[in-house]
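Subject: Structure handover

Hello,

Here is the structure for your files. My notes on what was found in it come after it.

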Amino acid sequence: MLPASHRLSSAADFQLAVRRGRRAGGPLVVVHLVTQNVDKATSSFGDPVRVGFVVSRAVGPAVTRNRVKRRLRHLMRERVASLPVGSLVVVRAMSGAAGATYRDLGEALDRCLGRVVSS
């Protein structure tokens, strides 16, 4: 489980990450990342990396959406330490994530995070 200090909960922070952040996507997930350097004046960044998840009904019924969210939370918990301090991350699951294995989700997440952090 992702600790409460690493959870993204305000709509304004979700909006900031999606609209102003860098984006990398694939068939399973899309990752949006905004760092402290992008918008120091208007953001409410703290020291910890904060992560939010978007899993729409297009992914499947509630049971499937919740399973995808749990997997993504667990995968991000292992990767939070490798992200820039104070950044906001939004992970959006695509419809293909419903049938993906845990390993496939992890590889897709690593690929997207690598592209968005390096740019």
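This is a predicted model: local features need pLDDT of at least 70, side-chain atom pairs count only at pLDDT 80 or more; totals for chains, interfaces and linings use all residues.

Which residue in E4 does Val-51 stand opposite? Val-51 stands opposite Val-89 in E4.

Residues are numbered from 1 along each chain as its sequence is written, and side-chain values use heavy atoms, with hydrogens and water left out.

Confidence

The predictor's confidence in each residue is given as pLDDT, from 0 to 100. The chain has a mean pLDDT of 90, with 91% of its residues at 70 or more. Helices (H or I, at least four residues) and strands (E, at least two) are DSSP runs, numbered from the N terminus. Over residues 38-43 pLDDT stays under 50. For that stretch the model has five contacts (heavy atoms within 4.5 Å) beyond four places in sequence.

The sheet

The sheet is open and has four strands in the order E1-E2-E4-E3, with mixed pairing. Two strands count as paired if DSSP finds at least two bridges between them. E1 (22-25) and E3 (50-55) are the edge strands; each has a single partner strand, so one side of each is left without a neighbour in the sheet. From one strand to the next the twist averages 15 degrees. For angles, axes are lines fitted to C-alpha atoms (for helices over the stretch in contact), and values run from 0 to 180 degrees between N-to-C directions.

Taking the pairs in sheet order, E1 and E2 are antiparallel and share four bridges. A hairpin joins E1 to E2 through three residues, and Gly-25 stands opposite Val-30 in E2. E2 and strand E4 (residues 88-93) also run antiparallel, joined by six bridges. In that pair, Val-29 stands opposite Ala-93 and His-32 opposite Val-90. E3 and E4 pair in the parallel sense over six bridges; here Val-55 stands opposite Ala-93.

Helices on the sheet

Helix H2 (residues 62-79) packs on the sheet, where it touches E2, E3 and E4, and its direction makes about 160 degrees with that of E3. Helix H3 (residues 102-118) packs on the sheet too, touching E1, E2 and E4, with its direction at about 35 degrees to that of E2. E3, H2 and E4 make a left-handed β-α-β unit. A crossover is right-handed if, with the strands pointing away from the viewer, the path from the first strand over the helix to the second runs clockwise.

Buried and exposed

Buried means under 20% relative accessible area, exposed over 50%, and partly exposed in between (1.4 Å probe, protein chains only). Six of the six residues of E2 are buried, so E2 is largely enclosed by the rest of the structure. Val-29, Val-31 and Leu-33 point one way from E2, Val-30, His-32 and Val-34 the other way, and all are buried. E3 is also largely enclosed by the rest of the structure, because five of its six residues are buried. E4 is mostly covered, with five of its six residues buried.

Ser-87 sits in the loop between H2 and E4. Its relative accessibility is 0%, so Ser-87 counts as buried. A polar atom of the Ser-87 side chain lies 2.7 Å from the backbone oxygen of Pro-84.

Arg-70 lies in H2 and counts as partly exposed because its relative accessibility is 48%. The C-alpha atoms of Arg-70 and Leu-2 are 9.6 Å apart, although the two are separated by 68 residues along the chain.

Arg-103 is in H3. At 63% relative accessibility, Arg-103 counts as exposed. The C-alpha atoms of Arg-103 and His-32 are separated by 21 Å, with the two residues 71 apart along the chain.

Regards

Note on methods: A polar contact is a pair of N or O atoms within 3.5 Å; within protein, one must be able to donate a hydrogen and the other to accept it, and residues adjacent in sequence count only if both atoms are side-chain atoms.
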